[in-house]
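Thanks for coming, everyone. Let me put the structure up, and then I'll walk you through it.

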Amino acid sequence: MIFEQLFDTKSSTYTYIVSSGKSREALIIDPVIENTDKYLKVLKNLDLKLVKVIDTHIHADHISGLNELSKRTKCSKIMGEHSSSEVIDIHVKDNEKIKIENIELISIYTPGHTDCSYSFLMKDRVFTGDTLLINGIGRTDFQSGNSYDAYDSLFNKLLKLPEKTLVYPAHDYNGKKNSTIENEKKTNPKLRVSSAEEFTEMMNNINLEYPKMMDIAVPANIKGFTLDQVN
Ligand SMILES: [Fe+2]
């Protein structure tokens with residue numbers, strides 16, 4: 001399998017390029033628009049053809065490269081069915097299969113950070129978007145976020161995956177590249193709660209700053225901006 005984890009320093013976003021390696025089809029998850037050329041270069045160097053692009057949710061901290069990549073490669077644009085993006089080709093529901101040659105991802109609806117957040121399970125690993133981060137979780141106070149939904153997504157869905165499952169989030173701010181479900185259960189301070197009520201109380205008292213890019217990124221991601229619309 002070919003598995004590339006690329007990092008955007010400005011937004012601390014992780015982008016993933018996946019291919020079976022046996023075939024030449026590739027899939028990309030959570031691309032950042034400014035890095036489009038970089039992704040295309042990696043794909044070219046690996047002799048891969050991009051066929052699908054997925055955003056785990058409508059991002060508020062960067063403009064997605066989803067539509068630009070699709071414009072340049074004709075790949076299909078995929079998001080969950082609750083996405084408000086106006087440029088999506090394939091909307092997936094919970095527990096649907098997304099296939100490229102020799103690779104299969106299963107969608108898991110994990111709302112809470114946003115109401116459109118999905119995670120994607122691929123054999124031994126799960127792409128968790130901002131639902132589950134390494135040693136943290138995504139905030140729930142914007143974009144139709146809901147802490148009760150986040151609790152359910154975390155405790156009743158993601159943490160129920162096999163303990164050895166590798167966790168690959170959409171961001172990390174501390175230089176960590178991945179984790180495991182087991183490790184997050186043991187060490188993630190946001191998961192040390194005993195009920196949805198306790199979790200909600202914790203989330204209500206987090207006091208984070210207003211997201212700097214939100215008023216630019218969210219409308220751009222709903223419209224599906226391409227590079228010519230970004231200054
Ligand atoms: Fe997010």
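**Helices, an iron site and some loops**

Start with Tyr151, which lies in helix α3. This is a predicted model, where local features need pLDDT of at least 70, side-chain atom pairs count only at pLDDT 80 or more, and totals for chains, interfaces and linings use all residues. Residues are numbered from 1 along each chain as its sequence is written, and side-chain values use heavy atoms, with hydrogens and water left out. Helices (H or I, at least four residues) and strands (E, at least two) are DSSP runs, numbered from the N terminus.

Is Tyr151 buried or exposed? Tyr151 has a relative accessible area of 15%, so it is buried. The cut-offs: buried means under 20% relative accessible area, exposed over 50%, partly exposed in between, with a 1.4 Å probe and protein chains only. Leave out residues up to four places away in sequence, and Tyr151 touches Asn156, Val193, Ser194, Ser195, Ala196 and Phe199. Contact here means heavy atoms within 4.5 Å. Glu4 is 147 residues from Tyr151 along the chain, and their C-alpha atoms are separated by 30 Å.

Now the rest of α3, residues 147-156. Its buried residues are Ser147, Ala150, Tyr151, Ser153, Leu154 and Phe155. Their cover includes β8, β11 (132-133), β12 (136-137) and α5 (196-204). At the N-terminal end, Asn146 is the cap, with a side-chain oxygen 2.8 Å from the backbone nitrogen of Tyr148.

Next, the metal. Which residues are the protein donors of the iron ion? They are His57 (NE2), His113 (NE2) and Asp130 (OD), at 2.1 to 2.3 Å from the ion. Donors are N, O and S atoms within 2.8 Å of the metal (3.2 Å for Na, K and Ca); water is not among the atoms, so sites may look incomplete. The spacing of the donor residues in sequence is H-x55-H-x16-D. His57 sits in the loop between β4 and α2, and His113 in the loop between β8 (103-109) and β9 (118-122), so the pair ties together parts that are 56 residues apart in sequence. His57 is buried, at 1% relative accessibility. His113 is buried too, with a relative accessible area of 10%.

His59 is found in the loop between β4 (49-54) and α2 (66-73). His59 is buried at 1% relative accessibility. Beyond its neighbours within four places in sequence, His59 contacts Asp30, Ala170, Ala217, Val218 and Asn221.

That brings us to α2. Six of its eight residues are buried, so α2 is mostly covered. The buried set is Leu66, Asn67, Glu68, Leu69, Ser70 and Thr73. They pack against β3 (25-29), α1, β4 and β5 (76-80).

How do α1 and α2 pack? Helix α1 (residues 36-45) meets α2 at an angle of about 50°, with the axes 10 Å apart. The contact uses Thr36, Asp37, Tyr39 and Leu40 of α1, and Glu68, Leu69, Arg72 and Thr73 of α2. Axes are lines fitted to C-alpha atoms, for helices over the stretch in contact, and angles run from 0 to 180 degrees between N-to-C directions.

Last, two loop residues. Asn95 is not a glycine, yet has a positive phi of about 65°. Asn95 lies in the loop between β6 (90-92) and β7 (97-100), and is exposed at 58% relative accessibility. Asn102 also has a positive phi of about 65° without being a glycine. Asn102 lies between β7 and β8, exposed at 53%.

Methods: A polar contact is a pair of N or O atoms within 3.5 Å; within protein, one must be able to donate a hydrogen and the other to accept it, and residues adjacent in sequence count only if both atoms are side-chain atoms.
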